[in-house]
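Here is a briefing on one chain, grouped by topic. Have the sequence and the structure open side by side.

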Amino acid sequence: MSGGSPSGMTAARTQIWDGRQLGEAFALAAATLEARREFVNGLNVFPVPDGDTGSNMAMTMDSAVRAIPPETSSVTEVGRHLAHGALMGARGNSGVILSQILRGFASGIVDRDELDGQDLARALRSAQKLAYKAVMRPVEGTMLTVIRGSADRAEATAQRSPSLTAVLRQAIEGAQAALDSTPQLLDILRQAGVVDAGGQGLVIILEGLERYALGDTTVGEANLAAIESTAPFHLVPEFAGTHGDDSYGYCTNFMVFGQGLDFERVREEIAAMGQSAVIVGDDTIIKVHIHTERPGQVLDYATGLGSLDQIKIDNMARQTAALAEQRILVGNAATTPDSKPTPGAIAIVAVAAGDGLAGALRDMGATTVVRGGQTMNPSTEDLLKAVNGTGADRVIILPNNPNVIMTANQAAKWTDREVCVAPTRSVPQGLAALAAFQSGETLDRNVELMTGALSHVVTLELTTAMRDVALNGVQIRQGQMIGLLDDELTAAGDDVASVSCDLFARVGLDAPELITVFAGADATGADIAAIRQAANHAFPDAEIDLADGGQPHYRFVIGIE
């Protein structure tokens, strides 16, 4: 979508947007959010270095805006492409909920060529309804509360006036009022002294839309240029391992625009021309990712369907060699040409940050490991590529992070393979799930066995506090070592020894048998010795397994079984 300035927009046109203007408005909103992503990240409740709500929402918005083809005339078409782009690019829980908000927004403006204030109010109400449906147990005090406050105020204003700017202004005020109320609705926010980060991101998006309506495009123009210059598909090194056994040839990506496209037939025929195909779309737009030795053949076929855009072709042999030198390839022998999945076998896709953690998951039977976790949640599309890259018809995803579970569930819905998610919240839980896997059992039975194993493992994490806060009865200073027990901030101290002793004392397991300690990239020899001593003192009869996890930001990740 072009990010050009709407300088030619007249005052009267601020009350009605056509498709081009709606697309430009969302492009400016995306750039505004990008400019303030670190502000939103800083609202993380826990003072840990993985506050990534702003990053996840910004990347989701970026994907949404990039999906809008140039010169789209109707707001209906803009909304549809916006929703689809957000779906594929959604990262983390906040990104998934945002993608559902944009999907609901799009469904509220179906069959509309232009958008006025009343259309906007209807779209926001539709966005609110779909967002609440997307969450199994909606919690007030979150971004759900903020989108509802925005829709309530917009709807009341639209009953009096069709003015787009008037409705938008009241939508922002409603969202801001709801955001201000979030600490009263969620005690954890009140303790941390912050408002909900996802809700703040929504307010910023709405403010970006209003900037456009008022003709103010000065904020975020540089970011718009950055969005324009970034290719819609790019090989991210961390996810290179999902390519499986086809790391030679050409990673070919493009979009097809046409009318009356036979999506199922097109997907089948293009998929037959290569491997690791991810093909999504409908009867007017198809987005293609495929690995092929003959990209020209694929493009020739696609040219006969309609107009092509966003074409990008990468030589995977060169990329694989370069990435191997950097030692950041993720994957395992189960996806090499000599070890393809057995027909009918169940493949397992796991998520982890750190070469050691990835290696441990592969050793326990994970087919493919997607690089991700704290500070770098994989997108829906990243997980789809991994699932399709296994070559298996049945796949289990292990998210290994609470902020990846919703994305994994979304990815499972957008593939023709049979995919289930075992809701693992940490790598130690992922390892326990892999240990429970039985190759002779059905997919559903394995998910049941793997999920049941999660209650037998406790996860401890040690990291450094990013700011001062009083939380869960713990007074924390910036720079201190802090400890989390199953995602709950539990301990703080000046060194690894004191915090690990405190954490081990709170575990609450009777006679644990195995303690697995993954040292992070920043762990020192003295840190490792302190952890070993504390574990031996707390659990003298347990076996202690020390390994190099290589994970960023978290000094130690510990599993106790």
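Exposed here means over 50% relative accessible area, and buried means under 20%. With that cut-off, the face of α19 turned away from its buried side carries exposed D444 and E448. The model is predicted. The chain holds 21 helices and 16 strands. Of its 561 residues, 58% count as buried. Among contacts with a separation of 6 or more, 72% come from residues 24 or more positions apart.

- Helix α19 spans residues 443-453.
- Its buried residues are L443, N446, V447, L449, M450 and A453.
- These residues lie on the same side of α19, because they cover an arc of only 165 degrees around the axis.

**A432 in helix α18**

- A432 sits in helix α18.
- A432 counts as buried because its relative accessibility is 7%, and the cut-off for buried is under 20%.
- Leaving aside neighbours within four places in sequence, A432 is in contact with A453 and V457.
- A453 is also one of the buried residues of α19.
- A432 and V457 are 25 residues apart in sequence, yet their C-alpha atoms are 7.1 Å apart in space.

**Helix α20**

- Helix α20 covers residues 496-505.
- V496, V499, S500, L503 and F504 are its buried residues.
- Seen down the axis of α20, the buried residues fall within an arc of 130 degrees, so they line one face of the helix.
- They pack against the strands β9 (458-464), β12 (481-485), β13 (488-493) and β16 (554-560).
- They also pack against helix α21 (525-538).

**Helix pairs**

Two packed helices are described by the angle between their axes and the distance between the axes.

- Helix α16 (residues 380-389) and helix α17 (residues 405-413) have axes that come within 9 Å.
- Those axes cross at roughly 55 degrees, which means α16 is oblique to α17.
- The crossing of α16 and α17 is right-handed.
- By class, the contact of α16 with α17 has 4 nonpolar, 3 polar and no charged residues.
- On the α16 side, the contact residues are T380, L383 and L384.
- On the α17 side, they are T407, A408, Q410 and A411.
- Helix α7 (residues 143-158) and helix α8 (residues 164-185) form another pair, with axes that come within 7 Å and cross at roughly 145 degrees.
- The crossing of α7 and α8 is right-handed.
- The contact of α7 with α8 has 11 nonpolar, 8 polar and 2 charged residues.

**S99 in helix α5**

- Where is S99 found? S99 belongs to helix α5 (residues 92-107).
- Is S99 buried or exposed? S99 counts as buried, because its relative accessibility is 1%.
- Leaving aside neighbours within four places in sequence, S99 is in contact with A86, L87, A90 and Q410.
- Q410 is also one of the α17 residues that meet α16.

How values were computed: Residues are numbered from 1 along each chain as its sequence is written. This is a predicted model: local features need pLDDT of at least 70, side-chain atom pairs count only at pLDDT 80 or more; totals for chains, interfaces and linings use all residues. Side-chain values use heavy atoms; hydrogens and water are left out. Buried means under 20% relative accessible area, exposed over 50%, partly exposed in between (1.4 Å probe, protein chains only). Helices (H or I, at least four residues) and strands (E, at least two) are DSSP runs, numbered from the N terminus. The arc is that of the directions from the helix axis to the C-beta atoms. Contact means heavy atoms within 4.5 Å. Axes are lines fitted to C-alpha atoms, for helices over the stretch in contact, and angles run from 0 to 180 degrees between N-to-C directions. Angles under 35 degrees count as roughly parallel, over 145 as roughly antiparallel, 65 to 115 as roughly perpendicular and the rest as oblique. A crossing is left-handed if the near helix is turned anticlockwise from the far one by less than a right angle, and right-handed if clockwise. Ala, Val, Leu, Ile, Met, Phe, Trp, Tyr, Cys and Pro count as nonpolar, Asp, Glu, Lys and Arg as charged, and the others, Gly among them, as polar.
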